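Good morning, and thank you for making time for this presentation. Please look at the sequence and the structure first; I shall then go through the description.

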Amino acid sequence: MPTILITGASRGIGLESARQYAADGWTVLACCRTPDTASELKAIGGVSVHALDVTDIGAVDRLARSIDQPVDVLMNNAGQNMRPPRGLGDMNYAAWSNLFAVNTLAPFKMIEAFQDHLRRSDRKIVLNVSSVMGSITDTSGGHVAYRSTKAALNMVTKVLAGDLAGDGIIVFSIHPGWVRTDMGGPSAAISPEQSAAGMKKVVESAGAGSNGRFFDWKGDTIAW
Amino acid sequence: MPSVFVTGANRGLGLEFVRQYSADGWRVFAGCRTPGSADALSAIAAETDGRTTLHAIDVSDRAAVQRLALTIDEPIDLLINNAGQMESWDEGFGRIDYAKWEDLLRTNLFGPAWVSHAFAPHIAKSDRRLIAMMTSGLGSITDNRIGGRNPPGKLYLYRSSKAALNMLVSKLSFDLKARGIAVMAMGPGHVQTDMGGPTAKLMPPESITAVRKVLADRTLEHTGRYFFYTGEEYPW
């Protein structure tokens with residue numbers, strides 16, 4: 001059975017993805033900051049839960065060393081938004097910088113640390129959970145901090161795709177939809193179940209042509 | 001005469017901007033970290049009867065940027081956010097320095113945000129009201145591909161900071177529209193500078209002549225867009 005590693009697995013889309021992959025019999029390595037309080041995650045049978053703050057570079061390396069099995073799919077799902085969103089006039093730059101650490105640098109670090117696990121696997125897929133808000137082509141205003149971290153993540157996806165194509169690793173960005181989670185809020189358009197199931201299908205159908213692309217949860221291409 | 005504020009003015013493209021605008025008789029505010037050691041810049045300024053002035057500015061120091069803005073009381077027609085950093089080509093996948101990545105984002109993204117915000121009042125009271133962010137073709141996610149203008153792979157820190165800066169251009173253009181200020185991203189091409197290296201095909205005078213030509217006829221109608229030095233629109 002294939003293995004998936006999911007970050008930010010204690011709630012929302014990460015939790016639901018862990019549930020769905022586990023139900024399909026995959027080996028699920030589920031990472032979250034505080035497993036002690038991740039009761040819903042721990043309630044899923046057959047999931048191994050790992051404590052990980054993705055912004056802790058040393059901790060990411062230690063986790064990678066402690067896991068010996070190949071990783072077929074790396075789902076870089078952990079992410080944050082800025083609450084409340086701020087414009088440049090009242091921007092909290094320390095918070096913006098932290099947002100880059102979580103949303104941009106951490107996914108890259110995960111790929112660096114788990115590159116050998118990916119290479120040894122059959123599927124070799126990395127999905128960077130991004131957002132349509134990271135599309136620069138979208139000209140609506142606001143949320144500059146969050147959007148910039150996702151645009152930067154999309155760049156990382158594209159550059160990695162060029163660097164790692166020779167190893168057969170497939171990297172793409174994916175917009176999970178506007179989902180009813182703590183981040184998306186109660187009035188969002190789709191449920192975590194719909195989002196996770198959609199992204200799972202995109203992973204199932206991923207091939208070399210998916211490398212360096214930006215999809216939504218239905219598999220449609222989003223403009224950079 | 002129109003006025004221009006250029007950051008990172010002591011060398012490379014910044015120095016060339018100052019040289020050309022000074023020669024055209026513009027009022028030039030030339031910002032760099034240590035004016036005391038900016039000999040080439042001082043030599044240009046010395047020929048301008050005081051029209052070109054040097055200003056100490058470290059764009060990664062927000063408080064210092066704000067303090068400098070308070071000391072300048074003139075309108076600024078054109079702000080060129082030119083100061084920027086790049087890591088070396090061998091700092092690729094597997095050899096990333098994460099502290100450096102954060103520093104580079106501070107200089108290449110927060111710096112332009114701080115300078116633009118601090119000088120928006122000066123720009124708003126000028127005639128042309130234009131902010132140019134010197135990004136790069138390397139900031140184009142679309143063009144980062146085999147057969148594109150830019151070779152794929154590497155320079156993760158620089159490329160991601162410029163993609164983020166392009167996002168800032170898009171959102172800042174939205175915010176500043178009501179004040180009549182246009183914001184755009186400019187790719188100067190691959191130029192022989194300390195950053196561009198000795199194999200680049202363009203020399204600073206050609207690149208900056210072309211960039212100035214593009215900027216000269218850009219208005220609020222072009223806000224939030226990304227242009228190459230040739231005047232072509234660049235894909236995000």
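**A buried glycine and its surroundings**

I begin with A:Gly12, which counts as buried because it has 21 C-beta neighbours inside 10 Å; a residue is called buried if 20 or more other C-beta atoms lie within 10 Å of its own, exposed if 12 or fewer, and partly exposed in between, with C-beta atoms placed from the backbone. Please note that this is a predicted model, in which local features need pLDDT of at least 70 and side-chain atom pairs count only at pLDDT 80 or more, while totals for chains, interfaces and linings use all residues. Residues are numbered from 1 along each chain as its sequence is written, and chains are lettered from A and ligands numbered from 1 in the order in which they are written.

A:Gly12 is found in helix α1 of chain A. Helices (H or I, at least four residues) and strands (E, at least two) are DSSP runs, numbered from the N terminus. Which residues does A:Gly12 contact, leaving aside its neighbours within four places in sequence? They are A:Thr181, A:Asp182, A:Met183 and A:Pro192, where a contact requires C-beta atoms, placed from the backbone, to lie within 7 Å. By C-alpha atoms, A:Gly12 is separated by 20 Å from A:Ala101, 89 residues away along the chain.

Let me turn to the strands. Helix α1, residues 12-23, forms a right-handed β-α-β unit with β1(A) and β2(A). Right-handed means that, with the strands pointing away from the viewer, the path from the first strand over the helix to the second runs clockwise.

Strand β1, residues 3-6, pairs with β2, residues 27-32, in the parallel sense over four bridges; pairing requires at least two DSSP bridges between two strands. In this pair, A:Thr3 stands opposite A:Thr27. β1(A) also pairs in the parallel sense with β4, residues 73-76, over three bridges, and there A:Ile6 has A:Met75 as its bridge partner. Both faces of β1(A) are covered, with A:Thr3 and A:Leu5 buried on one side and A:Ile4 and A:Ile6 buried on the other.

Finally, the whole chain. Chain A has six helices and seven strands, which run β-α-β-α-β-α-β-α-β-α-β-α-β from the N terminus. Of its 224 residues, 51% count as buried. Among contacts with a separation of 6 or more, 64% join residues 24 or more positions apart.

How values were computed. Two residues are in contact if their C-beta atoms, placed from the backbone, lie within 7 Å.
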